[in-house]
Amino acid sequence: MWVVSSRMLSIRNLKTYFRTPKGLARAVDGVSLDIGPGEVVGVVGESGCGKSVMALSILGLLPRPPAYFAGGEILFNDQDLLKFKPDEMRRLRGNQISMIFQEPMSALNPVFTVGNQLQEVFQVHRNLGRAEALQNAIDMLAKVGVPAPERRVREYPYQLSGGMRQRVMIAMALACRPALLLADEPTTALDVSIQAQIIELMTALKEELDTAILLITHDLGVVAEITRRVAVMYTGKIMEEAPTLDLFDAPLHPYTRGLLTSIPRADASFETESLTEIKGVVPSVAALPPGYHFEPRCPEAIDICRAQAPALEEARPGHRVACWRAAHA
Amino acid sequence: MGRYLLKRLWHTVYVVVGISIISFFFIHLSGDPVMLMLPGDASMAEVETLRQQLGFNDPLYVQYWHFASRAVTGDLGVSLYHRVPAIRLIMERLPASLELAGAAMLIALVVAIPLGVISAVKRGSLWDMSSMLGALFGLSMPHFWLGIMLILLFSVTLGWLPTSGRGTLAQLVMPSLALGLSLMAMFARLTRSVMLEVLSLDYVRTARAKGLREKIVIGKHALRNALIPLVTVAGMQFGFLIGGTVIIETVFAWPGVGRLVVQAIFSRDYPLVQATVLVLAVIFVVVNLLVDLIYLYLDPQISYLEQK
């Protein structure tokens, strides 16, 4: 049986709901996920499956209201983050847990220099003076492969390319050597060639700083490249969770199989193999179908799927799946 | 940055020349000042003589040329009514107008920005709702009514402040308050809506994700960006305040440019009207130039784009 050595972050039955004018949106609905120290875990799923909300829940960055926690706990080194006071949470952010976002242009403040925005992290968490913080900022930029960092610190975000901006974001996130990095679609907005560089950089820094990474993406290629374990999310729930190789080799859930077969393959021939798609669309979390949410789209649904959602159960050692057929196959 | 300023200065020249032409021709459409200057029983010959003397029989473009060529040397003509150089009359009144506009703007901004920021941060709270309701009242109250109410309260009932005139700080309080209140209301609403927009942006989330104190997230990261549209509106409003405060000047017997120009219009003192319009236009343009300078400081991207 596959066991987590020590659980640095343990999300238990997390329920993050939103009160919306259209009704209650169960964005994250009973998710459990563990991340060990230095581990890289992927969370994949289509847009709107709740993967970003889960990450923002960990850092307490959701606007409340409309968001609220309807249940569960987020244990970080055995302390429940959901019970933290705002100031305790603030001290943790950017220090022990950091986050990088999808769009590196809008994530940086347009009216302050790169150096200014980077040195703030050292000022707030390390109590460094201005000059010392700036020197640290320069060192950090050098570490993430920004050329001429002494000059770059005086530049503004609009003077940098997308890839450089994402490097700055990574420098900012890793400045205080956090135990955990939440990476929300860090490569999605970048050119393909830059994507590879950023993934390479994250992998290298992870090794150097021993930072665990929760990688949120819809890009299965990126997941295959750097994660050791991966969870597949759909309408706020985990459908399948397994060691990455295992998941790619022998996916158990029809949804996971659908995701995997919808990746274009370079070796596929156009005449014989067409790209498979998952029929239907992701339902809005504010208007979910009754019963099992994936059932209407599932090609293999059986009677019980219509009546009741399957629980996430271990089908093989270390391989959990929420599917009536797969779990008991 | 130097090029940006030169370009702006050059635009300023265009604008001032344009305004002088437009205002010159409009004023000459408004009627015959000679008829007003002479007694009602003056003969046609007398009228004609005076016209000839004042150069009103020349074609308009010749008259404009005379006006413009004297204007560049600082001579804006002689007031027909007061019989002194127009520029002297304006310069006598201008400090009072600047003082009033400056004080009103200062009161408005100092109160409105914190008010709007707190409303945005505490959106939907009792504070937010009551201050925005207050702002609505501030916007809806006519200046003259507010002025009279202030006089009734602070001068007549309480006896704290003098009713009118200019010279002491106490005399400045009520006119600037009466003038500034609607501005305050407008800026508070503007600050709130701009801040709400900025607070929802990604870089504010990044600032929070870094673990910065809320004070810095709002006071530095959000406010700095929200100030850009505020400065634009404040600059324009300041321009209007210099010449457009006739009502407040009348209620408080404030010796500003507003009353001067209205009197000049009624007495068809067209050299004075022309001169005042020109001076106000120059002030308006200069204020906007200052606004552009503040932009350079607030938004580094502007000077960067200009260089390109």
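Guide: On a 1 Å grid over the protein atoms alone, a pocket is an open set of points with protein on both sides within 12 Å along at least five of seven lines, whereas a cavity is a set where a 1.4 Å probe fits but cannot get out; lining residues have an atom within 4 Å of a point. Grid points are joined across faces, edges and corners, and a volume is the space filled by probe spheres set on the points. The model is predicted: local features need pLDDT of at least 70, side-chain atom pairs count only at pLDDT 80 or more, and totals for chains, interfaces and linings use all residues. Residues are numbered from 1 along each chain as its sequence is written, chains are lettered from A and ligands numbered from 1 in the order in which they are written, and side-chain values use heavy atoms, with hydrogens and water left out.

Visitor: How much space lies in the second largest pocket, and which residues lie nearest its centre?

Guide: The second largest pocket holds about 380 Å³. Its lining has 20 residues, and nearest the centre are Leu54(B), Phe56(B), Arg70(B), Tyr270(B) and Pro271(B). Helices, like strands, are DSSP runs numbered from the N terminus (helices H or I, at least four residues; strands E, at least two). Helix H3 (44-54), helix H4 (60-71) and helix H13 (270-298) of chain B each supply at least two lining residues, and H4(B) gives the most, with four.

Visitor: How is the lining of the second largest pocket divided by class?

Guide: Ala, Val, Leu, Ile, Met, Phe, Trp, Tyr, Cys and Pro count as nonpolar, Asp, Glu, Lys and Arg as charged, and the others, Gly among them, as polar. On that basis the lining of the second largest pocket has eleven nonpolar, six polar and three charged residues.

Visitor: What is the volume of the largest pocket, and which helices each supply at least two residues of its lining?

Guide: The largest pocket has a volume of about 1,100 Å³. It is lined by 32 residues, the closest to its centre being Leu62(A), Pro63(A), Arg64(A), Arg208(B) and Glu214(B). From chain A, helix H1 (51-59) and helix H2 (86-92) each supply at least two residues, as do helix H5 (86-121), helix H8 (169-199), helix H9 (202-209) and helix H10 (214-243) of chain B. The largest share, four residues, comes from H2(A). By class, the lining of the largest pocket comprises 19 nonpolar, three polar and ten charged residues.

Visitor: How many cavities of 30 Å³ or more does the structure hold?

Guide: There are three cavities of 30 Å³ or more. The largest cavity has a volume of about 70 Å³, and its lining includes Met169(A), Met172(A), Thr206(B) and Lys210(B). Strand E6 (97-100) and helix H6 (162-174) of chain A, together with H9 of chain B, each give at least two residues to that lining, which has seven nonpolar, three polar and one charged residues. Among the residues lining the second largest cavity are His253(A), Tyr292(A), Cys298(A), Cys305(A), Cys323(A) and Arg325(A).

Visitor: Let us turn to chain B. How many helices and strands are there in chain B?

Guide: Chain B has 14 helices and zero strands. Along the principal axes, its C-alpha atoms fill a box of roughly 85 × 60 × 30 Å.

Visitor: At what angle do the axes of H5(B) and H13(B) cross?

Guide: Axes are lines fitted to C-alpha atoms, for helices over the stretch in contact, and angles run from 0 to 180 degrees between N-to-C directions. The axes of H5(B) and H13(B) cross at roughly 50 degrees and come within 9 Å. The two helices are therefore oblique to each other (angles under 35 degrees count as roughly parallel, over 145 as roughly antiparallel, 65 to 115 as roughly perpendicular and the rest as oblique).

Visitor: Which residues of H5(B) meet H13(B)?

Guide: Contact means heavy atoms within 4.5 Å. Ala86(B), Ile87(B), Leu89(B), Ile90(B) and Leu94(B) of H5(B) meet residues of H13(B) that include Pro271(B), Ala275(B) and Ile283(B).

Visitor: At what angle do H1(B) and H13(B) pack?

Guide: Helix H1 (residues 2-28) of chain B packs against H13(B) at about 155 degrees, with the axes 9 Å apart. H1(B) is therefore roughly antiparallel to H13(B). By class, their contact has 18 nonpolar, five polar and two charged residues.
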